[in-house]
Amino acid sequence: ASPCRSTLEMTPGRTKESIKLGFGDLFFEPHRVKEWFPNILMMIDAYHLIHARNNQSILAKEFGPVVWSDLKIHFVNALEANTEVEFLVSVVFPITSFCSKGKISLAL
């Protein structure tokens with residue numbers, strides 16, 4: 001079965017168009033993910049993003065181990081959030097704070 005069909009079978013009541021956030025391995029090709037879920041906004045690979053050892057974490061590689069260490073708890077909280085508000089509080093406020101202090105910069 002395709003990842004799309006398997007995912008939808010495990011999430012009754014959802015359509016492929018309703019999927020905005022995905023959890024999976026970032027080795028998925030982005031254009032494939034967009035084919036499966038046309039409205040997806042973000043694909044998260046929790047293991048490689050935050051749970052991997054420091055030298056394997058995407059955050060550690062991208063921002064350095066100090067920033068990774070400071071941001072890790074916020075990303076863990078976001079991944080474990082039960083509501084959209086909890087997710088946003090866990091991600092938006094810390095990232096905004098880090099950007100305003102010049103610790104990171106984001107290209108949007």
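User: In this predicted model, buried means under 20% relative accessible area. What share of the 108 residues in the chain is buried?
Analyst: The model is a prediction. A residue counts as buried when its relative accessible area is under 20%. Of the 108 residues in the chain, the buried share is 27%.

User: In what order do the elements of the chain run from the N terminus?
Analyst: The chain holds 6 helices and 2 strands. Read from the N terminus, their order is α-β-α-β-α-α-α-α.

User: Are H5 and H6 roughly parallel or roughly antiparallel to each other?
Analyst: H5 covers residues 65–79 and H6 covers residues 84–100. Their axes come within 7 Å and cross at roughly 160 degrees. Angles over 145 degrees count as roughly antiparallel. The pair H5 and H6 is therefore roughly antiparallel.

User: How many of the residues in the contact of H5 with H6 are nonpolar?
Analyst: From H5, the contact uses Val67, Asp70, Leu71, His74, Phe75, Asn77 and Ala78. From H6 come Phe87, Ser90, Val91, Pro94, Ile95 and Phe98. The division gives 1 charged, 3 polar and, as nonpolar, 9.

User: At which residue does H5 bend?
Analyst: H5 has 15 residues and reaches 20 Å from first C-alpha to last, close to the expected 21 Å. Its buried residues include Val67, Trp68, Leu71 and Phe75. H5 bends by about 40 degrees, and the bend sits at Leu71.

User: Is Lys72 buried or partly exposed?
Analyst: Lys72 lies in helix H5. Its C-alpha is 9.5 Å from that of Ala60, 12 residues away in sequence. Buried would need a relative accessible area under 20%, and exposed one over 50%. Lys72 has 28% relative accessibility, so the residue counts as partly exposed.

User: What is the relative accessibility of Phe28?
Analyst: Phe28 sits in the loop between strand E1 (21–23) and helix H2 (30–36). Phe28 counts as partly exposed because its relative accessibility is 34%.

User: What C-alpha distance separates Phe28 and Met43?
Analyst: Leaving out residues up to four places away in sequence, Phe28 touches Val33, Trp36 and Met43. Phe28 and Met43 are 15 residues apart along the chain. Their C-alpha atoms are separated by 9.2 Å.

User: Among contacts between residues at least 6 apart in sequence, what share joins residues at least 24 apart?
Analyst: A contact requires heavy atoms within 4.5 Å. Among contacts in the chain between residues at least 6 apart, the share joining residues at least 24 apart is 24%.

Conventions:
Residues are numbered from 1 along each chain as its sequence is written. This is a predicted model: local features need pLDDT of at least 70, side-chain atom pairs count only at pLDDT 80 or more; totals for chains, interfaces and linings use all residues. Side-chain values use heavy atoms; hydrogens and water are left out. Axes are lines fitted to C-alpha atoms, for helices over the stretch in contact, and angles run from 0 to 180 degrees between N-to-C directions. Helices (H or I, at least four residues) and strands (E, at least two) are DSSP runs, numbered from the N terminus. Angles under 35 degrees count as roughly parallel, over 145 as roughly antiparallel, 65 to 115 as roughly perpendicular and the rest as oblique. Ala, Val, Leu, Ile, Met, Phe, Trp, Tyr, Cys and Pro count as nonpolar, Asp, Glu, Lys and Arg as charged, and the others, Gly among them, as polar. Buried means under 20% relative accessible area, exposed over 50%, partly exposed in between (1.4 Å probe, protein chains only). The expected span of a helix is 1.5 Å times one less than its number of residues. The bend at a residue is the angle between axes fitted to the seven residues ending there and the seven starting there.
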